[in-house]
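The following account leads the reader through one structure. It turns to a pair of helices, then to the surroundings of a ligand, and lastly to an annotated span.

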Amino acid sequence: MLTLDKVTFMNGGFPLSADFTIDAHSVVAVIGPSGAGKSTLLGGIAGFHEQVAGRLTWRGAAIGAVPPAQRPVAMLFQDNNLFPHLTVFQNVALALGPSLRPDAGARARIMDMLAQVGLEGLAERKPAALSGGQQSRAALARALLQDRDLMLMDEPFSALGPALKDRMLDLSVELAKAAGRTVVMVTHDPDDAVRVADTIVGVAAGRAFAPQPAQDFLRNPPEAFIDYLS
Ligand SMILES: Nc1ncnc2c1ncn2[C@@H]1O[C@H](COP(=O)(O)OP(=O)(O)OP(=O)(O)O)[C@@H](O)[C@H]1O
């Protein structure tokens, strides 16, 4: 369970507060108006934004003071963050450490992950020689191979067309669930939440609300989200 116990994260001068828990292995959609603090919530959990109050724990262990790279967190961003001078294989290999020449065991894991995301045959390509969807698949492979309990997704597929976006979201959640991950994803599309999420965390004006079952939230939204959803 991820516990945000009266937590406040600061993004520049912007405070985001949260006081709730997220069940392990659940899929949580984070929705709310632009500028409300959705990315700040994810960045705070990942350790990119300062935590100025409260206690953040994962499975009972405090992680608030743990450096980002050592948190149980893998993150998928909108821009994919692929290194242009490295091949797909090398980009994905970075999930396992700095070596670009992994041993046979690691090599097998990388190739297996590339197959799972549908990139077999493209391992030696550079990102510029991939389509947008294929680049997203490479970033997904790297995030999954990191083997971290929490997968945070900040609208990673929003630059793709609607059908491809849906396919990538479905694939990400399917593979993350199969790997036993807990998924927290920002989306601007309530339909995404209904399709893949168990619960919704609404974020409005610097406050993240406790997760509610996705259908309940959308059928009977808290006051702060009525205008946003209508
Ligand atoms: N570096 C910064 N310094 C000061 N304020 C910032 C900084 N970055 C973001 N903010 C402010 O923090 C608030 C929350 O931003 P955040 O990116 O978390 O919102 P969001 O809900 O993810 O928005 P969007 O849906 O538009 O991506 C915004 O009002 C934004 O202007």
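**A pair of packed helices**

Helix α3 (residues 104-116) packs against helix α4 (residues 132-145) at an angle of about 130°, and their axes are 9 Å apart. This is a predicted model, in which local features need pLDDT of at least 70 and side-chain atom pairs count only at pLDDT 80 or more, while totals for chains, interfaces and linings use all residues. Residues are numbered from 1 along each chain as its sequence is written. Helices (H or I, at least four residues) and strands (E, at least two) are DSSP runs, numbered from the N terminus. Axes are lines fitted to C-alpha atoms, for helices over the stretch in contact, and angles run from 0 to 180 degrees between N-to-C directions.

α3 and α4 are therefore oblique to each other; angles under 35 degrees count as roughly parallel, over 145 as roughly antiparallel, 65 to 115 as roughly perpendicular and the rest as oblique. On the α3 side, Arg109, Ile110, Met113 and Leu114 meet Ala141, Leu144 and Leu145 of α4 (contact: C-beta atoms, placed from the backbone, within 7 Å). The residues of this contact comprise six nonpolar, no polar and one charged (Ala, Val, Leu, Ile, Met, Phe, Trp, Tyr, Cys and Pro count as nonpolar, Asp, Glu, Lys and Arg as charged, and the others, Gly among them, as polar).

**The ligand and the annotated span**

The ligand is surrounded by 13 residues, of which Gly12, Phe14, Ser34, Ser39 and Thr40 are the closest (C-beta atom, placed from the backbone, within 6 Å). Helix α1 (residues 38-46) supplies the largest share of this shell, three residues. By class, the shell has nine polar, three nonpolar and one charged residues.

UniProt, in an unreviewed entry, places the feature "domain: ABC transporter" at residues 2-230. That span is 33% helix and 26% strand, and its end C-alpha atoms lie 31 Å apart.

Technical notes
Two residues are in contact if their C-beta atoms, placed from the backbone, lie within 7 Å. UniProt positions are given in the numbering used here, feature names are shortened, and annotations may be inferred rather than shown by experiment.
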